[in-house]
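Subject: Structure handover

Hello,

Here is the structure I promised to pass on. Please open it alongside this email. My notes follow below it.

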Amino acid sequence: MRLKSCPDTGEWKIPLETIQSVFFQWPAFGQSQVQLLQKVALLKKNSDLFYLKNGDYLEGEFLSFDKRTFRFESNAGETAVPRAGIAFFSFNPELINFPQPDQLRYRIELVDGTRLVVSSLKLTQDMISAKTLFGTVLQCKREQLASVTPLGGRGVPLSELEPTGYRFTPYFTKQWGWRPDRNVVAGPLRVGGREYVTGLGVHSATELRYSLDGKYAAFQTDVGIDDSTNGKGNADISIFVDQRVVFHHSIDGAEQQPATIVPRIDLSGARELVLKVDFGKNADIQDLVDWCRPVLILKK
């Protein structure tokens with residue numbers, strides 16, 4: 001495999017068990033990309049799936065491929081599918097084996113949509129150099145880098161923890177839950193045209209509680225209205241530490257504003273963290289709120 005956005009990197013050999021999906025026909029528009037990623041995220045079948053450009057899909061076990069065809073085994077026997085007719089395919093999620101070491105690592109996203117987890121990352125004014133978890137070295141221009149999300153080390157993504165309490169207050173009767181690393185309608189976390197890999201998707205009015213037990217030094221996050229609302233949505237945001245308000249702000253989805261950056265919050269000796277979303281000036285209309293990249297920093 002070669003990355004067109006990083007021609008200096010050369011050819012990659014990627015273990016198949018680390019790949020979730022491959023897209024041969026990537027949409028040009030952001031909303032279509034979101035819908036396609038959402039479709040992949042919701043796949044439940046424990047088999048390899050080939051989605052064809054004519055709208056059909058084939059289910060079976062991937063066998064091999066060459067420049068022209070993909071071969072797989074189905075109930076009808078071995079079948080060859082022309083590569084030109086495939087929109088995308090997804091591997092059986094039960095067979096994906098992607099190593100996640102405990103040490104500090106980084107999830108990077110390139111402007112063409114490529115996402116990788118790397119064990120080391122070096123940034124200069126003009127270039128990025130990184131080593132993937134499967135040993136390949138990535139080198140490309142800095143302008144190709146869309147985002148970097150630290151993982152592991154002292155940083156604990158809040159989406160990896162189970163809240164000790166969740167309370168939802170409906171404006172009328174409709175009930176909403178919460179989602180880790182997705183917006184509340186199961187799409188990517190996207191605010192102000194920027195996509196976030198980790199976070200929490202909620203709807204007003206919501207309260208999420210987390211037990212800290214004095215283990216953490218600080219908390220940091222961004223927060224905003226998800227872009228899927230198309231400029232709608234308004235909510236009041238509050239963060240409590242041990243029942244004390246440490247941050248309060250109103251957020252608006254108008255013109256797909258960028259996420260609000262919450263100043264780093266001191267958690268020295270704190271026992272509980274509460275993230276609260278209240279109704280804004282427009283009741284609960286399109287209040288799809290994303291807590292973007294929320295992370296707890298462990299004590300040294």
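**A residue in the last-numbered part of my notes**

Leu-296 has its place in strand β24. The model is a predicted one. Is Leu-296 buried or exposed? Leu-296 is buried, and its relative accessible area is 0%. Setting aside neighbours within four places in sequence, Leu-296 has contacts that include Arg-154, Gly-155, Val-156, Leu-158 and Leu-161. Leu-212, Tyr-216, Ala-218 and Phe-219 are also among them. For a sense of distance, take Arg-83. From C-alpha to C-alpha, Leu-296 and Arg-83 are 45 Å apart in space. In sequence, 213 residues separate Leu-296 from Arg-83.

**The whole chain**

Now the overall picture. The protein chain has one helix and 24 strands. Its radius of gyration is 21 Å, close to the 19 Å from the globule rule for 300 residues, so the chain is as compact as a globular protein of that length. The C-alpha trace spans about 60 × 45 × 35 Å along its principal axes.

How much of the chain is buried? Of its 300 residues, 43% count as buried. The chain exposes about 16100 Å². Carbon and sulfur atoms supply 48% of that area.

Contacts reach across the sequence. Take the contacts with a separation of 6 or more: residues 24 or more positions apart account for 65% of them.

Charges come next. The chain carries 36 positive and 35 negative side chains. The centres of the two sets lie 4 Å apart.

**Aromatic rings**

How many aromatic pairs are there? The count comes to 17 aromatic pairs. One of them is Phe-50 with Phe-72: the ring centres are 5.0 Å apart and the planes are at 25 degrees, so the pair is stacked, the cut-off being under 30 degrees. This pair links distant parts of the chain. Phe-50 is in strand β2 (residues 48-52), and Phe-72 is in strand β4 (residues 69-74). They are 22 residues apart. Phe-50 counts as buried at 1% relative accessibility. Phe-72 counts as buried too, at 2%.

Then look at Phe-62 and Phe-70. Their ring centres are 6.2 Å apart and their planes are at 50 degrees, so this pair is tilted. Both Phe-62 and Phe-70 are buried.

Which residues do ring pairs link into a cluster? They are Phe-24, Phe-50, Phe-62, Phe-65, Phe-70, Phe-72, Phe-89 and Phe-91.

Glu-109 is in strand β7 (residues 105-110). With a relative accessible area of 11%, Glu-109 is buried, because buried means under 20%. What does Glu-109 contact, leaving aside neighbours within four places in sequence? Its contacts are Thr-114, Arg-115, Gln-144, Leu-145, Ala-146, Ser-147 and Glu-195.

Val-274 sits in strand β23. Val-274 is buried, with a relative accessible area of 5%. Leaving aside neighbours within four places in sequence, Val-274 is in contact with Glu-207, Leu-208, Arg-209, Ser-238, Ile-239 and Phe-240. Val-245 is 29 residues from Val-274 in sequence. In space, C-alpha to C-alpha, Val-274 and Val-245 are 9.3 Å apart.

**Backbone points in the loops**

- A cis peptide bond joins Ser-204 and Ala-205, with omega about -5 degrees. Ala-205 lies in the loop between β17 (199-203) and β18 (206-211).
- Gln-243 is not a glycine, yet its phi is positive, near 70 degrees. Gln-243 lies in the loop between β20 (234-241) and β21 (244-252). Gln-243 is exposed, with a relative accessible area of 73%.
- Ala-283 also has a positive phi, about 60 degrees, although it is not a glycine. Ala-283 is in the loop between β23 (272-279) and β24 (288-298). Is Ala-283 buried or exposed? At a relative accessible area of 17%, Ala-283 is buried.

Best wishes

How values were computed. Residues numbered from 1 in each chain as written. Predicted model: local features only at pLDDT ≥ 70, side-chain atom pairs only at ≥ 80, totals over all residues. Heavy atoms only, no water. Helix = DSSP H or I, 4+ residues; strand = E, 2+ residues; numbered from the N terminus. Rg over C-alpha atoms; globule rule 2.2 N^0.38 Å. Buried < 20%, exposed > 50% of the residue type's maximum accessible area, 1.4 Å probe, protein only. Contact = heavy atoms within 4.5 Å. Areas by Shrake-Rupley, 256 points an atom, 1.4 Å probe, with all protein chains shown as cover. Lys, Arg positive; Asp, Glu negative; His and termini not counted. Charge placed at Lys NZ, Arg CZ, Asp CG, Glu CD. Phe/Tyr/Trp six-rings, centres within 6.5 Å; stacked < 30°, edge-to-face > 60°.
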